Amino acid sequence: MCLLEQRRGIANASPYNGGGDREEGEIRYEWDFSLAAVVSSPASGAASDAIGVLEFDQTENLLATGGIARKIRIYSVNKMVGFAGSGMAAVMDHGDVCEFCICTPAKLSSLRWKPGMDSRVVGEGDYDGVITEYDLEKHVPVYERDEHGGRRVYTMDYSHGGSVAVGASGSDDGTMQLWDSRCDPGSTVAIIRPDPYSGSPVCSVEFNPFVEHVIAVGCADRRIYGYDIRATAAPVFILDGHEKAVTYTKFLDSRTIVSSSIDGCLKMWRPEAERRLVRTFKGHSNSRRFVGLSVWRNGGLLCCGSENNHIFVYDHKWSDPIWVHGFRSATSTTRSTSPFVGGVCWKQGGGGECTMVAGSSDGVLQIYRGEKRR
């Protein structure tokens, strides 16, 4: 059940102008969300089933998950949603909807589908500092690089558009590395140290999906750095406003970035505007963990997990959450003493309807549907 009282705003807020903060007016609840399905591990499952990363493929028909269980699981989205009946959330086991899984040698911290490969290749970064690409048809690794000195890879991404998908990885070693999987695994396109003085870990990398040569980098030094990968000697912008490490960066559109931090807030930025910080979003609990961040660009909605085991949805127009939902296990057995939501992901299609998936430290997936009020 939603923990926020649904109330209708009466203020007619002016549209977002992209140049800085505007008067928000009273928050309006324009969306209705419901739990569509729960995918749970058996009651005897271990706490190592914790899900830390979720990623839809380009067709949005497949979902990849990873975490500390050392497995990449691939799910059919249509199969998961198809179990849901009208008005009731379907409850199922991973074995019912998981198409297959690939065992990996280390715990996973990041997953990305490789563009231009027809959903056949997925890349992952792990706790041992290794980047690996897997062929999902053959279930075997086809590329591996170990250039972060054995230090944990927190994040990875691929560039969008162009003839070549350039890879980027960020690590506890304080570097972001750019690489091309067509080349020798030991070769690197560029090594960037956003914080060259203290070597703060790089926690997030995100290519701009609209401008292929721009990448946003979130660091433990509380800053977000923007780079043009064609000339990486210096950042093209630096965003400073978080009080603690930046854990995620996402592009809401070609000129707007949303960031998350363990200071317990999200921030929305316009790097090219005079007033770069547009809005701060607060309500969720986040002081020490990676709890996930995803943006639904068509609807202008943001979603993150929380250390109090809840899902929070924000509208980019207002600072307070528009929907909060407690994450519950499908079984009576709680395998984690302090469960939390560790990963979230929106499907990018749709207009008046949306789909979101979240994963918890108990290894449970929950699928939500949203519909805009008419």
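Trainee: Which residues does Asp180 touch, leaving out those up to four places away in sequence?
Mentor: Asp180 touches Tyr143, Val164 and Val189, where contact means heavy atoms within 4.5 Å. This is a predicted model, in which local features need pLDDT of at least 70, side-chain atom pairs count only at pLDDT 80 or more, and totals for chains, interfaces and linings use all residues. Residues are numbered from 1 along each chain as its sequence is written, and side-chain values use heavy atoms, with hydrogens and water left out.

Trainee: Where is Asp180 placed?
Mentor: Asp180 is in the loop between β13 (176-179) and β14 (190-192). Strands are DSSP runs of E, at least two residues, numbered from the N terminus.

Trainee: Is Asp180 buried or exposed?
Mentor: Asp180 is buried, because its relative accessible area is 10%. Buried means under 20% relative accessible area, exposed over 50%, and partly exposed in between (1.4 Å probe, protein chains only).

Trainee: With which side chain does the Asp180 side chain make a polar contact?
Mentor: The partner is the side chain of Arg182, at 2.8 Å. A polar contact is a pair of N or O atoms within 3.5 Å; within protein, one must be able to donate a hydrogen and the other to accept it, and residues adjacent in sequence count only if both atoms are side-chain atoms.

Trainee: Turning to cysteines, how many disulfides does the whole structure have?
Mentor: A search of the whole structure finds zero; a disulfide is a pair of cysteine sulfur atoms within 2.5 Å.

Trainee: Which residues touch the most other members in the largest nonpolar core?
Mentor: Phe33, Ile311, Ile322 and Trp346 do, in a core of 23 residues. Such a core is a set of buried Ala, Val, Leu, Ile, Met, Phe, Trp, Tyr and Cys residues joined through side-chain atoms within 4.5 Å. The largest share, four residues, comes from β1. Apart from this core lies another of 19 residues, among them Ala36, Phe56, Ala90 and Val97.

Trainee: And what is the strand order in the open sheet of four strands?
Mentor: The order is β2-β3-β4-β6, with antiparallel pairing; two strands pair if DSSP finds at least two bridges between them. The edge strands, β2 (51-56) and β6 (98-103), each pair on one side only.
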